[in-house]
Amino acid sequence: MPGGTKGIRTDALTNAFEIKWPSGRIVHHYDVMTPLWESTRASDTTIGSKKGTELMMRLQETVAPHMFNPLGAYDGKKNLFSPERYKLTSEEFRVSMDSNPRRHPKEVAIRITFVKTVDFSILKGLLQGSAKVEPDSEMTLNMLNVFVQASPRIETISQMRPLELWRGYFQSVRPTFDRLLVNVDCTIGVVVPQTSLDKFCIEFLNKRDYRELNSLRPHELRKLKQVLKGINVLVKLPGHSNKKGRPIKDIVERVGETTFEKDGETITVAKHFKAVHNYPIPPGSPGVKIGRDGLFPMGVCQTTVQLFKGRSTPEIVQAALKFSPARPQERLNVIRGAWEQLRYERSPFLVPAGVKVTPSPIGVRGRTLQPPHILFGGGNMVNFSSNRDRAGVWDVMRKTLLKPASLRSWVVLNISGSTDMQLIIQFVRELQAAMRERAADVQEPHDIITRDPNADIEGILGQGALNLVLAILPQSAAEPYRKVKRYGDITQGVVTQCVKWSPKLAQDTRSGKANQYHNNLILKYASLAPNKRKLGGVNFSVGTPHTPTILQRLADRPTMILGADVSHPGPGSMLPSICALVSSWDSKFCEYSASVRVQEKRIEMIADLTEMMMDALHVFNKKNGCLPRRLLLFRDGVSEGEFSQVLEKEVGLMSAAMRAHYGPDNSKWPPITVIIVGKRHHFRFFPVNAQAADPRGNGNLTAGFVTDRDIVHPAWGNFYLQSQPGLKGTSRPSHYTVLLNGNKFVPDEFALCHCYSRATRSVKIPAPLVCRRAKIHFDDEVNFSDDMSSAADGEEASHIDYFKKHFSDINERLKQTMYFV
């Protein structure tokens, strides 16, 4: 990929530190084999990474300290690295499983075998970007990560009952051109503390005492199931001595009344616990299912200290944001202050290996790109070159839309539970007025219907030929929202727009301050239509009058921009993964169609990409009368280890679609650029002076900062772009890796990040994402609400065919539209 040249030179700091080591340094690699004892229980014959690390430290510090000097660093799997050669070639050791062994301790046999010496110089080819990289380069990077990550990483704890927030440090060794860096970032972990399970539940549900657990409502039981499923607990009863705990499989309502067969007799759980353990189970109290058929009251269970792997609620997210450094400079100071905590200069692994980490964060050379102009109706234009203070942010106040929408047939459905109809009518009237200010042709709604939040949406609205249903929902509206969207997206093919009627929105309406909310709504539903975009409008476009942007240059021939992503279910969920492909079909790259599919869970490569690409090419051809002559694919969420799979599998599947449309001669196919967009990385950028900082004073760099040197991967064409303006905290740049570059893409502009029709800010990813709307496609048999992430019971529900059967495609009336914005 050619390097970029445009923009204003901008220097910044990043949260990375240089690694240095003496030339010719040798490290010794040992293989760790752990023959396990015989057992009829599979759970007894596996040793995880955490336990394996504990055993290796016990071996080196207690069992045979004379042989392991200095200490070796263990990767938790099968590799041990030492800066010195140990006096063994292959030797077996017996190590107790427990730190405090009993009279007859259970032991494990660990065999250590010398493999070879590792010379740091083998990284030279990788760090110089050579196509020929030594086979052991990846293993050497893994070794350095083991050395670095052996340092302690937990710093502070914040209480957030019943959970805790722990601040720690992310550390990762990253190759860049001609040097290695360790990327250090402060992170927040949500942790389950050690406590009694019933106390955990009381605090989670904000109950006063244990007795209130005996009369939980259905929605409270669903909340408990969501948070407890998968949490490891100890059973504090004789005969249950598993020290690491076992995961909760399910919540059991009124566990004491549940019956089972014992010695040929049907007996209740309550009677069994009273007879065997002299433990009374209060009537009505819930319990938990552990293992295949173990049922226990919550009072005999205790949580262990563990990371919380469930879905983060809004409360958890809010608490984590408060616990995180509020401003970029604070974050950088926390990272700098971690030096004493991480103790690289005293590491028992780094120091003997001669590895040093410089204590100062490195500087990076970058550029601040000029944002494009935003064009509205009536010749109105947002010019960022004359107003740098607002780079990346604009509004629609006192502006008309580029191609105003037409709204002629619509209804208002009020299922918010509010009885103040005058206020609801005022909100609708002010919304109409705001639309007319944006030059939209808006008729009066056919009706304003008020019903209960649990009402039958389809029964109320029927099958009328509507342009829009404006649904006013209660503040807690997961199920009403799903019903409205399923009615519109799947059943009837009608555009729907939902409004959550919160106390703040009601107050803003009452005081005449809801104008900004109205304008945000207008941008959303004025950008989709059954035949064009939502209601036939185009909000704005991107352009520069004198200097052509990349968008104008791309328009010199028919060009399609594609965005692909895969969304995976949460831990313990039976749901499948969702994959989506969006594709542009207009010359301004504002209008997209979408294809959504389900596939086997946890599979990242898109299995149906050929069919989805066929759909995209068909829509483009239908809209333009020709096929695209240039393709740009932005692929979201793929890790570095999967890059080769994207090239081999996904590009291969796309090629099959192009072969069907363009013919077998690939010289007649359009050139394709494939770019991976990564968000889950830990590099952050910090301005070094006031000129580089965002003038709005949030402490971030100005939107448009890009760097394609100093910290980028030496082998791939890649760059970091901070395209969005900062709000709170430290902005996260997107990491772009160019796998194929048939269109000679150069990181010199970010105009595509200004094309998202519902936003008045530049965004992180050039193409819109769709997977978040996937739950609307599942019918009622698949339980995919905000409270739960599970499917119907039974083995059938774990099979992908089950989910495909209950997954509906978008209604034909809304296909080829941006229904998902």
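## Glutamate 212 and its partner

Glutamate 212 is buried (under 20% relative accessible area, with exposed meaning over 50% and partly exposed in between, using a 1.4 Å probe and protein chains only), as its relative accessible area is 19%. Its side chain meets that of arginine 208 in a salt bridge, 2.6 Å from N to O. Arginine 208 is exposed at 75%. A salt bridge here is a side-chain nitrogen of Lys or Arg within 4 Å of a carboxyl oxygen of Asp or Glu, and by this rule the count comes to 38.

This is a predicted model, in which local features need pLDDT of at least 70 and side-chain atom pairs count only at pLDDT 80 or more, while totals for chains, interfaces and linings use all residues. Residues are numbered from 1 along each chain as its sequence is written, and side-chain values use heavy atoms, leaving out hydrogens and water.

## A bridge between distant parts

Let's turn to another pair. Arginine 482 forms a salt bridge with aspartate 780, with the closest N and O atoms 2.5 Å apart. This pair links distant parts of the chain, 298 residues apart: arginine 482 is in helix H12 (residues 478–492), and aspartate 780 is in the loop between strand S39 (734–741) and helix H18 (800–805). Helices (H or I, at least four residues) and strands (E, at least two) are DSSP runs, numbered from the N terminus. Arginine 482 is buried at 9%, whereas aspartate 780 is exposed at 60%.

Salt bridges that share partners join Lys51, Glu54 and Arg58 into one network. Arginine 58 and glutamate 54 meet at 2.4 Å, N to O. Because they are four residues apart in helix H1 (residues 49–63), about one helical turn separates them.
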